[in-house]
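Visitor: I should like to learn how to read the features of a protein model. May we take them one at a time?

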Amino acid sequence: MNSIAQPIVSSSNTNSSPRLIERPMGDTELSYYLPSRASGVNDMYLHLGFDAAEHLVERPRVRLVWAILRVRHPLLASTVAMHSYEDVRFVYTLPSSPQDVLDDADRNLEYSSVSKHGVEYFPPMFWFLMAFLELIDAYLNGERTLSNQRLSYLVVTSGTAPLLTPPPTPRNTSPVEETFMPRTNHNILIYATHSLGDGMALHQFANEFLSLLGSDKNLQELEIQLKSNFVPEQSKLRRAICRVDYRAAQEEAIGGQTFPRKSKQPRHTVVATVSYDPEHTKSALQRCRANGVSISAALFAICNIAWAKMGKGSPDLPVLMYSAVNLRPYFQVQPSHDSYWFLAISYFTIVLPNFIPRSLDPKLMFWHRARAAKKQSTRMAKTPMFASRCLLVAEERGRRARMWAKEDDDRERGVINPPVPATPRLVRPPAPSSALIGLSLLGNLDKVYKHATFPSIKIHSATIGCRQRPGGILVFGYTIAGKLCISLGYDQNGFEDDAVDTFWENVLHAVEEYLLEPRYM
């Protein structure tokens, strides 16, 4: 709610709950606000009629879109406090959670049913037109809808018989989807005080509203977008709670399995890659869907079983694997440029047993562990503490990076630092947290490459990797050109014996046994 002429002014009482942000009105804003106090003079409205599928205009979806835009444009969710004729302020109450934003949006959203009384013998379009004209008349001539406590309001109506219209294009559709889709006539009425903006602001807002409403994002993706626009103010208590939660989550990351290593040899990274043709890839995807998991979750289980079959390490200690989580879907970056070059990742861990029970069918065990991996990753992504955990992971990684960089630089300069004092012995020593391997799961890259935009070029393969530290090992999994690709990049001189080769053979056999069936090779 920045003003061109005035900066944001925070409430002086920082301990108040809830926290408020205030901004004085400018002269033009005052010239519209002061006359509106008695009867709503200058209160604006915008009506838009449109045809759309019913599911796009259901209340949960509209409420989410309305909430997202009220966070993005805080003046819509503000109130007005008048202290004197010279001191009138917009007041924005910082929401404490996304649910607060949804509740506020819901209070300022109305679904108006269309009554046929008295016009039932007329065509549906006629009584529908009469109904929303009555709404506009009531807004213009009835009791005021808006107030100092309600600067904006949204009304939705629908009611005519479905219209047969084709689906939006371009899109990939199945033969069934090519049939005409029923759409219904809907109307939205956007009410706003003139002190918030002008008619062009209303139209720009309507465009933004319909762009979100008509997007292909489902409710879960819209919820993520709401959270991405929501930046809660953290109190000392909340920060303390976040740190306790972070430590508790770290204590659950138990792992005691590692590849046998050797040192003092130059690093030599090699990358082994296997791809499966589209037919086998489709079969693997179908088998994963039938068992309620993704390829990514299945790859965690495959690596787990590949290691367990080697019989190395204590069976009492589980296998800990880690992976990166892409944070881009969780927030919307709005810089002065539109470059996609920025780093937005965090990390999570998956813990699975290090044994193969003889009494259980191998396939049942595999899919059970794949579902366990999915459950852990879903719990990570959906925890209310997800944002704080990501921030604390970044803080911890930054702290370690600075410490290790100083050690490296001191060693390079020949500086000898005194040994770090031993930390006091803990009553309960921490559980081991050694990771066996990392997985970089990139998903379906065909959603990234817009093949239709370069029809004269056909991608048939892709590999990805990175320069690794000595002793590094990382599995990559992704789909490109309709083909499932799995690769293993590791330091060939960093591990003893043939442990990595055996592990990789077990991975490929597990893919064939559990995902492809019949065997690919």
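Visitor: How many helices and strands are there in the protein?

Guide: The protein has twelve helices and 17 strands. Helices (H or I, at least four residues) and strands (E, at least two) are DSSP runs, numbered from the N terminus. This is a predicted model, in which local features need pLDDT of at least 70 and side-chain atom pairs count only at pLDDT 80 or more, while totals for chains, interfaces and linings use all residues. Residues are numbered from 1 along each chain as its sequence is written, and side-chain values use heavy atoms, with hydrogens and water left out.

Visitor: In what order do the six strands of the open sheet lie?

Guide: Strands of a sheet pair through backbone hydrogen bonds, either parallel or antiparallel. Here the order is E11-E17-E16-E15-E12-E13, with mixed pairing; two strands pair if DSSP finds at least two bridges between them. Strand E11 (269–276) and strand E13 (345–352) are the edge strands, each pairing on one side only. From one strand to the next, the twist averages 20°. Angles run from 0 to 180 degrees between N-to-C directions, and axes are lines fitted to C-alpha atoms, for helices over the stretch in contact.

Visitor: In which sense do strand E12 and E13 pair?

Guide: The pairing of E12 (residues 319–326) with E13 is antiparallel, over eight bridges. Within it, Tyr322 has Thr349 of E13 as its bridge partner.

Visitor: Which strands does helix H12 lie across?

Guide: Helix H12 (residues 499–516) lies across E11, strand E15 (437–444), strand E16 (473–480) and strand E17 (483–491), and runs at about 165° to E17. Contact means heavy atoms within 4.5 Å.

Visitor: How does one check the length of a helix such as H9?

Guide: The expected span of a helix is 1.5 Å times one less than its number of residues. Helix H9 (residues 295–308) has 14 residues and should span 20 Å at 1.5 Å a residue; its end C-alpha atoms are 20 Å apart, which agrees. H9 is also mostly covered, with 13 of its 14 residues buried. Buried means under 20% relative accessible area, exposed over 50%, and partly exposed in between (1.4 Å probe, protein chains only). Of the 521 residues of the protein, 37% count as buried.

Visitor: Which residues have the most contacts inside the largest nonpolar core?

Guide: In soluble globular proteins, nonpolar side chains tend to be buried together. A nonpolar core is a set of buried Ala, Val, Leu, Ile, Met, Phe, Trp, Tyr and Cys residues joined through side-chain atoms within 4.5 Å. The largest has 56 residues, and Phe259, Phe366, Ile437, Phe503 and Leu515 have the most contacts inside it. Neighbours within four places in sequence aside, the contacts of Phe259 include Trp307, Ile437, Ile473 and Phe503. Another core, of 41 residues, lies apart from the largest one; Val80, Leu109, Ala206 and Leu226 are among its members.

Visitor: How many salt bridges does a search of the whole structure find?

Guide: Side chains of opposite charge can pair when their charged atoms come close. The search finds 14 salt bridges, each being a side-chain nitrogen of Lys or Arg within 4 Å of a carboxyl oxygen of Asp or Glu. One of them joins Arg72 to Glu208, with the closest N and O atoms 2.6 Å apart. This pair links distant parts of the chain, as Arg72 is in helix H2 (residues 59–72) and Glu208 in helix H5 (residues 199–213), 136 residues apart. Arg72 counts as buried because its relative accessibility is 18%.

Visitor: Where do Asp410 and Lys406 lie?

Guide: Both lie in helix H11, four residues apart, about one turn of the helix. Asp410, at 4% relative accessibility, counts as buried. Helix H11 (residues 386–413) also holds Arg399 and Glu396, three residues apart, whose salt bridge has its closest N and O atoms 2.7 Å apart. Arg399 is partly exposed, with a relative accessible area of 43%.

Visitor: Is Asn108 buried or exposed?

Guide: Asn108 is buried, as its relative accessible area is 6%. Asn108 is found in the loop between helix H3 (98–107) and strand E6 (109–112). Its contacts, leaving aside neighbours within four places in sequence, include Trp66, Arg70 and Tyr153.
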